[in-house]
Amino acid sequence: MALLVDGYFLCFWTAITTTVLGMCEVTGTLSDVPCLDLFPSMYCCVEPVYNPTTFQPVGCQRNNTFLIDCFRRHGVECDGIVGVSSPDYFNDSVNCGQEWYNRSDVAFRKEEKCFYVNEDNIYDFDTTLALSIFFGMFGFDRFYLGYYALGLTKLLTLGGFFVGQLIDIILITLQIVGPADGTSYRIPFNGPRMIQLFPDNNTYYPHFN
């Protein structure tokens, strides 16, 4: 009896599988995969070059993004082209992930985040915080950042009777208040940069039970 039931189930499962597979039609190949749809492990992006004046990647734009060149890893195919790399340096090659790629074989340019600092008008975070702590009651910190009306108000009220000065110290320390022109503070590579994290491919949120 058990063998008969198993036989009927096998026949039923075979019929269902054959029908479903018959309804599916493969319309593309692996070579049709766009390079922008590759998984992170399937491509390599070069390390950015940093500006020694702003401490930010070269090419950082006002919208706080910059582009970096990314290459297909060896043997990975996208947009109809197979990635090729070499463990040894060769002419006109670029190092990426301990491999060397032809500079002209860029698969795509990836947008990354940065903090735009205007080289012609730099605001140092350390300077701003020092002005807020020692001369905030006179509004020097707000004058320095370009908030002239608030700076004048603090000057005439002795830093909002020191309450406004304390608030500004907290806001500047947390980098909630920045330059009035919308740019970012210049902060050294090992400086206290405050960054808001959002869930994406570059962040990880562990779950605790």
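Mentor: Helices (H or I, at least four residues) and strands (E, at least two) are DSSP runs, numbered from the N terminus. The model is predicted: local features need pLDDT of at least 70, side-chain atom pairs 80 or more, while totals for chains, interfaces and linings use all residues. Residues are numbered from 1 along each chain, and side-chain values use heavy atoms, without hydrogens or water.

Trainee: Which helices each supply at least two residues of the nonpolar patch?

Mentor: The patch lies on the surface, and Phe134, Leu152 and Leu155 are among its members. (Members have over 30% relative accessible area and no salt bridge; nonpolar side chains are joined within 5 Å, like charges within 9 Å.) Leu158, also in the patch, belongs to helix α5. At least two residues each come from α2 (125-135) and α4 (148-156).

Trainee: Which residues of α2 are exposed on the other side?

Mentor: Start with the buried ones (under 20% relative accessible area; exposed is over 50%, partly exposed in between; 1.4 Å probe, protein chains only). In α2 these are Phe125, Thr128, Leu129, Leu131 and Ser132. They sit on the same side of the helix, because they cover an arc of only 160 degrees around the axis, taken from the axis to the C-beta atoms. Across from them, the exposed residues are Asp126 and Phe134.

Trainee: Which residues are linked in a network of salt bridges?

Mentor: Asp141 and Lys154 meet in a salt bridge (nitrogen of Lys or Arg within 4 Å of a carboxyl oxygen of Asp or Glu), at 3.1 Å from N to O. Asp141 is in α3 and Lys154 in α4, so the pair ties together parts 13 residues apart in sequence. Asp168 also bridges Lys154, at 2.7 Å. The network links Asp141, Arg142, Lys154 and Asp168.

Trainee: Which are the edge strands of the open sheet?

Mentor: The sheet has three strands in the order β1-β2-β7, with antiparallel pairing (at least two DSSP bridges). Each edge strand pairs on one side only: β1 (43-45) and β7 (108-113).

Trainee: What stands opposite Cys45 in β2?

Mentor: β1 and β2 (residues 65-72) run antiparallel. Three bridges join them. Opposite Cys45 stands Cys70.

Trainee: Which residue in the turn between β5 and β6 has a positive phi?

Mentor: Four bridges join these antiparallel strands, β5 (residues 93-96) and β6 (residues 99-102). They form a hairpin with two residues between them. The one with a positive phi, about 60 degrees, is Gly97.

Key
Areas by Shrake-Rupley, 256 points an atom, 1.4 Å probe, with all protein chains shown as cover. Salt bridge = Lys/Arg side-chain N within 4 Å of Asp/Glu carboxyl O.
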